[in-house]
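Work through the exercises below with the sequence and the model in view. Each task is followed by its solution.

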Amino acid sequence: QVQLVESGGGLVQIGGSLRLSCAASGFTFSSFAMKWYRQGPGKERELVASITYNGGGTAYVDSAKGRFTISRDNAKNTVYLQMNSLKPEDTAVYYCTAEDFYWGQGTQVTVSS
């Protein structure tokens with residue numbers, strides 16, 4: 001049974017940090033590129049960051065560059081999203097996905113003053 005379980009979301013103040021985790025099971029995690037998407041209130045789902053199967057390459061949406069870092073630990077079947085200098089516009093439900101094929105249920109991130 002394939003599972004992607006996100007955790008680490010919550011309420012944080014402007015300028016704060018959060019680290020999201022996504023634990024995978026039921027498939028060969030190390031063979032899949034992984035991505036983080038987000039969907040803010042009233043907005044379309046947006047690709048935030050991606051990482052290649054071996055962690056050798058990463059990419060970010062412009063609004064996340066310099067603030068967010070995606071990483072993975074294939075020994076733990078887990079992908080992370082470190083988010084720093086958070087802004088109100090980062091408020092969204094964050095989803096991890098394995099190449100847009102398998103999806104997690106999402107974790108809420110709320111940035112508030």
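**Exercise 1.** Leaving aside its neighbours within four places in sequence, which residues is T78 in contact with?

Solution. The model is predicted: local features need pLDDT of at least 70, side-chain atom pairs count only at pLDDT 80 or more, and totals for chains, interfaces and linings use all residues. Residues are numbered from 1 along each chain as its sequence is written, and side-chain values use heavy atoms, with hydrogens and water left out.

- Step 1: contact means heavy atoms within 4.5 Å.
- Step 2: with those neighbours set aside, T78 touches S21, C22, A23, F29, S71, R72 and D73.

**Exercise 2.** Find the strand that holds T78, and decide whether T78 is buried or exposed.

Solution.

- Step 1: strands are DSSP runs (E, at least two residues), numbered from the N terminus. T78 belongs to strand 8, residues 78-83.
- Step 2: buried means under 20% relative accessible area, exposed over 50%, partly exposed in between (1.4 Å probe, protein chains only). T78 has 9% relative accessibility, so T78 is buried.
- Step 3: the T78 side chain also reaches the backbone oxygen of K76, at 2.8 Å.

**Exercise 3.** Describe the protein as a whole.

Solution.

- Step 1: the protein has 11 strands and 0 helices (H or I, at least four residues).
- Step 2: its radius of gyration, taken over C-alpha atoms, is 13 Å. The globule rule (2.2 Å times the number of residues to the power 0.38) gives 13 Å for 113 residues, so the protein is as compact as a globular protein of that length.
- Step 3: of the 113 residues, 41% are buried.

Notes: A polar contact is a pair of N or O atoms within 3.5 Å; within protein, one must be able to donate a hydrogen and the other to accept it, and residues adjacent in sequence count only if both atoms are side-chain atoms.
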